[in-house]
Amino acid sequence: MDITSFWSRVNPDLFLQNADEGYNKPIRQLYRSLLEQLKVNKMLEVGCGPGVDFLGAKTVNPNMDYTGVDITPQMIEHCRLKYPEGNFMEGNILNLPFADNSFEFVYCKDVLNHLDNWEAGFSELYRISGGFVLVNFFHGLGTTTFKKRELHEGYLNNIFDWNEVMTTLSAFNPVEMRIYPRLCLLEEALILFQKA
Ligand SMILES: C[S@@+](CC[C@H](N)C(=O)[O-])C[C@H]1O[C@@H](n2cnc3c(N)ncnc32)[C@H](O)[C@@H]1O
């Protein structure tokens, strides 16, 4: 079973009702405040899922030129129905159909941990951004051991070695990182990059 098979069975509306993933989750609040501070007008979200952060982008800037990409057709279909004013398309983070430096702000939440080759995904985000890239990672507390878990018949939920992640990312000019608790025994980092 591939990853889209898993996500196609997720009820998109649960994202908005679930307190852990809902609209007011701290990292979504920080995302919105960054859009505001940086006065972003044109952005891409990769792995937009049910579109929670599309709503956030439009709330911050009603004129936001927003594009949302997701690999799961059901998520894109849901977003198109729920937000007909939005621009949503199917696509894979590993091969995005955009030229270098196409967006002021590229955002990707809760996707990199689901990839085996997160470095390739991150490089693609960085390539198409002409300004900022905002990503999150979650990682285990008190351990630097690489772990890889397979949940739900093929849904990959990788917990990468945090030191390795940071070593790779430090080459990409991170400008800010905030750490948040996430569920039990996990914490989550939201990391902002600015292309030189
Ligand atoms: C945990 S959900 C996060 C959704 C959204 N970013 C949020 O935080 O509300 C992960 C999403 O990533 C999408 N996804 C997984 N692998 C992907 C890939 N290779 N390219 C694009 N999207 C992907 C899934 O279809 C799913 O909608």
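Tutor: One begins with pairing: two strands pair if DSSP finds at least two bridges between them. In this predicted model, the bridge partner of Val-69 in strand S3 is Met-89.

Student: In which sense do S2 and S3 pair, and over how many bridges?

Tutor: Strand S3 comprises residues 87-90, and its pairing with S2 is parallel, over four bridges. Strand S1 (residues 42-46) also runs parallel to S2, to which five bridges join it. There, Val-46 is the residue opposite Val-69 of S2.

Student: How does the chain cross from S1 to S2, and what is the handedness of this crossover?

Tutor: The handedness is judged with the strands pointing away from the viewer: a clockwise path from the first strand over the helix to the second is right-handed. From S1 the chain passes through helix H4 (residues 52-60) to S2, a right-handed β-α-β crossover. A right-handed β-α-β unit is likewise formed by S2, helix H5 (residues 73-82) and S3.

Student: Why is S2 described as largely enclosed?

Tutor: A residue counts as buried if 20 or more other C-beta atoms lie within 10 Å of its own. Strand S2 spans residues 65-70, and five of its six residues are buried, so the rest of the structure largely encloses it.

Student: Which residues of H5 are buried, and where do they lie around the axis?

Tutor: An α-helix has 3.6 residues a turn, so residues three or four places apart point the same way. In H5 the buried residues are Met-75, Ile-76, His-78 and Cys-79. Their arc around the axis is only 160°, which places them on the same side of H5. Pro-73 and Leu-81, on the other side of H5, are exposed.

Conventions:
Residues are numbered from 1 along each chain as its sequence is written. This is a predicted model: local features need pLDDT of at least 70, side-chain atom pairs count only at pLDDT 80 or more; totals for chains, interfaces and linings use all residues. A residue is buried if 20 or more other C-beta atoms lie within 10 Å of its own, exposed if 12 or fewer, and partly exposed in between; C-beta atoms are placed from the backbone. Helices (H or I, at least four residues) and strands (E, at least two) are DSSP runs, numbered from the N terminus. The arc is that of the directions from the helix axis to the C-beta atoms.
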